[in-house]
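This briefing covers the strand pairing, helix packing, aromatic pairs and salt bridges of one protein model. The sequence and structure come first, and the notes follow by topic.

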Amino acid sequence: MSFQVLPAEPSDIPDIVAVHQASWENDPIVGRLMPDVDPKAKYDYDVDFYKRKFDTKALTGSVMHKVVETETGKLVTFAKWKYPYRLTAEQQAEKDKLDLGRTYPPGTNEELYEHFFGRLDTLRKKYLDEEKDYFLHLLIVLPSYQRKGLGTMLIREGLAAADIDNARTYIEASPMGLGLYQKFGWKEIDDIIIDMRPHGGTGLASEKCLMREPGAGSA
């Protein structure tokens with residue numbers, strides 16, 4: 001079985017959502033964000049989320065790639081990078097007019113949503129320079145295709161560009177993905193720890209914030 005990296009297109013959104021939902025279903029934090037949302041409403045929400053990411057990529061530095069099976073064209077892995085960008089005054093005004101806020105379908109755990117993403121936003125503002133740094137915002141692999149090196153293909157895609165620019169790279173990692181990112185030279189700089197018991201989970205869940213210096217790592 002062979003695979004290839006291609007640019008992701010808006011027509012891929014249904015397949016991206018399928019990978020997204022399968023990948024995050026059992027995550028101790030993300031899996032508790034919409035525990036009581038109707039599946040159709042959740043699907044529509046995720047479709048709209050990715051549609052907005054494609055629609056606004058010129059204003060957010062977003063670069064999106066996919067890995068597909070060469071023989072079938074099946075999308076099995078997706079990455080959303082944010083490359084360094086600087087907006088003109090006109091572009092900034094356009095971005096400011098966009099509704100980039102979050103609205104939630106009924107059944108969403110809004111308290112957890114605001115706490116988790118609010119903390120992510122705070123740490124991004126603290127550590128990430130959008131005019132200079134690269135940011136691996138999303139990396140999702142269909143569970144049945146994990147441990148085949150597909151995520152690595154998309155990591156290398158962005159790191160190659162970052163190293164050419166002699167730029168740092170920021171990422172937020174679950175404990176499951178931490179070891180892989182450390183092989184590429186990312187170092188922990190902060191974390192998010194959430195007591196999941198009030199949100200229907202068990203114990204503490206964490207997310208690590210990592211930064212990679214240009215050329216670091218050997219994976």
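**Briefing**

The side chains of Lys 82 and Glu 130 meet in a salt bridge, at 3.9 Å from N to O; a salt bridge here is a side-chain nitrogen of Lys or Arg within 4 Å of a carboxyl oxygen of Asp or Glu. Lys 82 lies in strand S3 and Glu 130 in the loop between helix H5 (110–127) and S4, so the pair ties together parts that are 48 residues apart in sequence. Helices (H or I, at least four residues) and strands (E, at least two) are DSSP runs, numbered from the N terminus.

The model is predicted: local features need pLDDT of at least 70 and side-chain atom pairs count only at pLDDT 80 or more, while totals for chains, interfaces and linings use all residues. Residues are numbered from 1 along each chain as its sequence is written, and side-chain values use heavy atoms, with hydrogens and water left out.

**Salt bridges**

- The structure holds 15 salt bridges.
- Lys 82 counts as buried at 16% relative accessibility, whereas Glu 130 is partly exposed at 36%; buried means under 20% relative accessible area, exposed over 50%, and partly exposed in between (1.4 Å probe, protein chains only).
- Asp 55 forms a salt bridge with Lys 51, with 2.8 Å between the closest N and O atoms.
- Both Asp 55 and Lys 51 belong to helix H2 (residues 39–55), where they are four residues apart, about one turn of the helix.
- Asp 55 is exposed at 53% relative accessibility, and Lys 51 is partly exposed at 43%.
- Arg 197 forms a salt bridge with Asp 195, the closest N and O atoms being 2.9 Å apart.
- Arg 197 is exposed, with a relative accessible area of 57%, while Asp 195 is partly exposed at 29%.

- Seven strands form an open sheet with mixed pairing, in the order S1-S2-S3-S4-S5-S7-S6; two strands pair if DSSP finds at least two bridges between them.
- Strand S1 (3–7) and S6 stand at the edges with a single partner strand each, so one side of each is left without a neighbour in the sheet.
- From one strand to the next, the twist averages 20°; axes are lines fitted to C-alpha atoms, for helices over the stretch in contact, and angles run from 0 to 180 degrees between N-to-C directions.
- Eight of the eight residues of S3 (residues 75–82) are buried, so S3 is largely enclosed by the rest of the structure.
- S3 pairs with strand S2 (residues 62–69) in the antiparallel sense over seven bridges, and with strand S4 (residues 134–141) in the antiparallel sense over six bridges.
- Trp 81 of S3 is the bridge partner of Val 63 and stands opposite Leu 136 in S4.
- S2 and S3 form a hairpin with five residues between them, and Gly 73 in the turn has a positive phi of about 80°.
- S5 and S7 pair in the antiparallel sense over five bridges, and the bridge partner of Glu 172 is Cys 209 in S7.

**Helices on the sheet**

- H6 packs on the sheet and touches S1, S2, S3, S4, S5, S6 and S7, its direction making about 25° with that of S3; contact means heavy atoms within 4.5 Å.
- H7 lies across S4, S5, S6 and S7 and runs at about 20° to S7.
- Gly 177, Leu 178 and Tyr 181 are buried in helix H7 (residues 175–183).
- Seen down the H7 axis, the buried residues fall within an arc of 125°, so they line one face of the helix; the arc is that of the directions from the helix axis to the C-beta atoms.
- Met 176 and Lys 183 are exposed on the other side of H7.
- Just after H7, Gly 185 takes a positive phi of about 100°.

**Aromatic pairs**

- A search of the whole structure finds 10 aromatic pairs; rings of Phe, Tyr and Trp (its six-membered ring) pair if their centres lie within 6.5 Å, and planes under 30 degrees apart count as stacked, over 60 as edge-to-face and the rest as tilted.
- The rings of Phe 49 and Tyr 50 have centres 4.9 Å apart and planes at 90°, so the pair is edge-to-face.
- Tyr 50 is buried, at 0% relative accessible area.
- The ring centres of Tyr 83 and Tyr 134 are 4.6 Å apart and their planes stand at 55°, so the pair is tilted.
- Tyr 83 lies in the loop between S3 and helix H4 (89–97) and Tyr 134 in strand S4, so the pair ties together parts that are 51 residues apart in sequence.
- Tyr 134 counts as buried at 3% relative accessibility.
- One aromatic cluster is formed by Tyr 104, Tyr 113, Phe 116 and Phe 117.
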